[in-house]
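Colleague: I am new to reading structures. Could you take me through some of the labels and the rules behind them?

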Amino acid sequence: MTDPRAPRLFADDAAIRDIGERMLACTLPKAGWTHEAHLSTCAWLILERPDIVPERDLPGLIRRYNESVGGVNSDTAGYHETITQVMIRAVRAALARSEGRDLAERVNALLLADEGRRDWPLRFYSRERLFSVEARRRWIDPDLLNLPPPVLCE
């Protein structure tokens, strides 16, 4: 029996590229926009799409995607600025530790790392602060622990 909280890993680079490309094209089904899809898309953008700067561009891309599948970006649903920016930092940190490996290996290592866990931001933020309307609308600093410094990776 497998742990339902265990991440779904990727078989190959093509599967990751497919999710990222379909997210950008707004053709990925809503059910396909999982936690793993979020992180793999971010990693793919960092590693293979130098024309897109995740910290700057991902907010608009996610909002557009959400709306394309019938979702809303409101005070209670859809895009979340603080979580997005924290997870971009997490993805960059994990990728920096896996240089020299192929895309799927790097993304799978990220998904298995602490930074790849859904609850990783709660190490730094109280649940109340992280899930506040303010945190959803704009970046807010953590209230429990300082985040690790940003890491640049290739």
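The talk below covers cysteines, aromatic rings and pockets.

Modeller: This is a predicted model, so local features need pLDDT of at least 70, side-chain atom pairs count only at pLDDT 80 or more, and totals for chains, interfaces and linings use all residues. Residues are numbered from 1 along each chain as its sequence is written, and side-chain values use heavy atoms, with hydrogens and water left out.

Colleague: How do you know that Cys 26 is too far from Cys 42 for a bond?

Modeller: A disulfide is a pair of cysteine sulfur atoms within 2.5 Å. The closest cysteine sulfur to that of Cys 26 is in Cys 42, 17 Å away, so it is too far for a bond. The count by this rule is 0 disulfides.

Colleague: Why is Cys 42 called buried?

Modeller: Buried means under 20% relative accessible area, exposed means over 50%, and partly exposed lies in between (1.4 Å probe, protein chains only). Cys 42 has 3%, so it is buried.

Colleague: What makes Cys 26 partly exposed?

Modeller: Its relative accessible area is 22%, so Cys 26 falls in the partly exposed class.

Colleague: How many aromatic pairs are there?

Modeller: The count comes to 3 aromatic pairs. Rings of Phe, Tyr and Trp (its six-membered ring) pair if their centres lie within 6.5 Å; planes under 30 degrees apart are stacked, over 60 edge-to-face, and the rest tilted. Take Trp 33 and Tyr 65: they are 5.3 Å centre to centre, with 55° between the planes, and the pair is tilted. Both Trp 33 and Tyr 65 are buried.

Colleague: Why is the pair of Trp 120 and Phe 124 edge-to-face?

Modeller: Their centres are 4.8 Å apart and their planes are at 65°, so this pair is edge-to-face. Trp 120 has 5% relative accessibility, so it counts as buried. Phe 124 has 7%, so it is buried too.

Colleague: What is the volume of the largest pocket?

Modeller: The largest pocket has about 620 Å³. Of its 25 lining residues, the closest to its centre are Trp 33, His 38, Gly 78, Ile 83 and Thr 84. On a 1 Å grid over the protein atoms alone, a pocket is an open set of points where a 1.4 Å probe fits, with protein on both sides within 12 Å along at least five of seven lines; lining residues have an atom within 4 Å of a point. A volume is the space filled by probe spheres set on the points, which are joined across faces, edges and corners.
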